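Good morning, colleagues. Please look at the display before I continue.

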Amino acid sequence: MLNIKFEPKQGTISFYVATNIRTPTQAEHQWSSDSILPNQFGVKTLTINNEDPNFVTGTYYIGVYAHYNDSSFTLLATKEAELPNGQSLKGLQSDQDSVQCSNCDRFVPRASYVLHSATCLRQNWKCPVCKQVVPVPTKDKHMLVHQQVKCECGFEGEPDLVELHKRYECRLAPVQCPYCGLSIKFAERGSHVNSCGSRTTTCKHCGSILMRRDFRTHMNSVHGVYPSDSELYE
């Protein structure tokens, strides 16, 4: 059983949890804090027990969404073993009547351990990379998550990590110039935007000649309108 306690310190924050997605979002997740009522101190606790159909023994990914710029929080994740007959892990360990399966990591009665092990090995497979336990027929599909791929810039990693790299930090990633609309490489954005923003344009409302970087501010403060991108690119 997994318990995730989430306490916002400032701002309004939501968190999302998944085992099959490295970056859970509002649109893609398996568990969410949105439907959990906070206690009197504002703390939300998400409990994922062994009976949950999405429960796995392995890695859980947590995505945090801040509804405002200035937000902060604390998060605590703890794992508890769920044992048969309502007994505690401490009690079973001291009585030596339970054994943890080395394949699925669950605790099972010592008397049925041999039978469980034989069945578990046929049905479950533990990933040697992330230690997540998945059904044997899906292990090849699961390993695709860990397959190393390479970005055109040379960065190498797992598919989800490379996708994040391309989205936020790749120097070759295409970005749009805010002044002319052209697609340029991220590494060239600084010099291009500086040069492009310094070029002049003429206001069609008053005829003023001003730099592109000042065009939106001029249109908004002087004429009370906010130009579209197409107007800016003209």
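Lys 126 and Asp 105 form a salt bridge, their closest N and O atoms lying 3.0 Å apart; the term requires a side-chain nitrogen of Lys or Arg within 4 Å of a carboxyl oxygen of Asp or Glu. This pair links distant parts of the chain, 21 residues apart: Lys 126 belongs to strand 9 (residues 124-126), and Asp 105 to the loop between strand 7 (98-100) and strand 8 (107-109). Helices (H or I, at least four residues) and strands (E, at least two) are DSSP runs, numbered from the N terminus. Lys 126 is partly exposed, with a relative accessible area of 23%, and Asp 105 is partly exposed at 25%. On this scale, buried means under 20% relative accessible area, exposed means over 50%, and partly exposed lies in between (1.4 Å probe, protein chains only).

The model is predicted, so local features need pLDDT of at least 70 and side-chain atom pairs count only at pLDDT 80 or more, whereas totals for chains, interfaces and linings use all residues. Residues are numbered from 1 along each chain as its sequence is written, and side-chain values use heavy atoms, with hydrogens and water left out.

How many salt bridges does a search of the whole structure find? The search finds 2. Glu 158 forms one with Arg 22, the closest N and O atoms being 2.3 Å apart. Glu 158 lies in the loop between strand 12 (156-157) and helix 4 (159-168), and Arg 22 in the loop between strand 2 and strand 3, so the pair ties together parts that are 136 residues apart in sequence. Glu 158 is buried, at 11% relative accessible area, while Arg 22 is partly exposed at 29%.

Three strands form an open sheet in the order 3-2-5, with antiparallel pairing; two strands pair if DSSP finds at least two bridges between them. Strand 3 and strand 5 stand at the edges with a single partner strand each, so one side of each has no neighbour in the sheet. Strand 2 (residues 13-18) pairs with strand 5 (residues 61-66) over 6 bridges, and Ala 18 stands opposite Tyr 61 there. Strand 2 is joined to strand 3 (residues 31-32) by 2 bridges, with Val 17 opposite Trp 31.

Is strand 2 covered or uncovered on its two faces? Both faces are covered: Ile 13, Phe 15 and Val 17 on one side, and Ser 14, Tyr 16 and Ala 18 on the other, are all buried.

This brings me to the cores. A nonpolar core is a set of buried Ala, Val, Leu, Ile, Met, Phe, Trp, Tyr and Cys residues joined through side-chain atoms within 4.5 Å. The largest has 13 residues, of which Ile 4, Phe 15, Val 17, Trp 31, Leu 46, Ile 48 and Tyr 60 touch the most other members. Strand 1 (2-10), strand 2 and strand 4 (44-48) each supply at least two residues of this core. A second, separate core of 6 residues includes Cys 177, Cys 180, Ile 184 and Cys 196. In soluble globular proteins, nonpolar side chains tend to be buried together.
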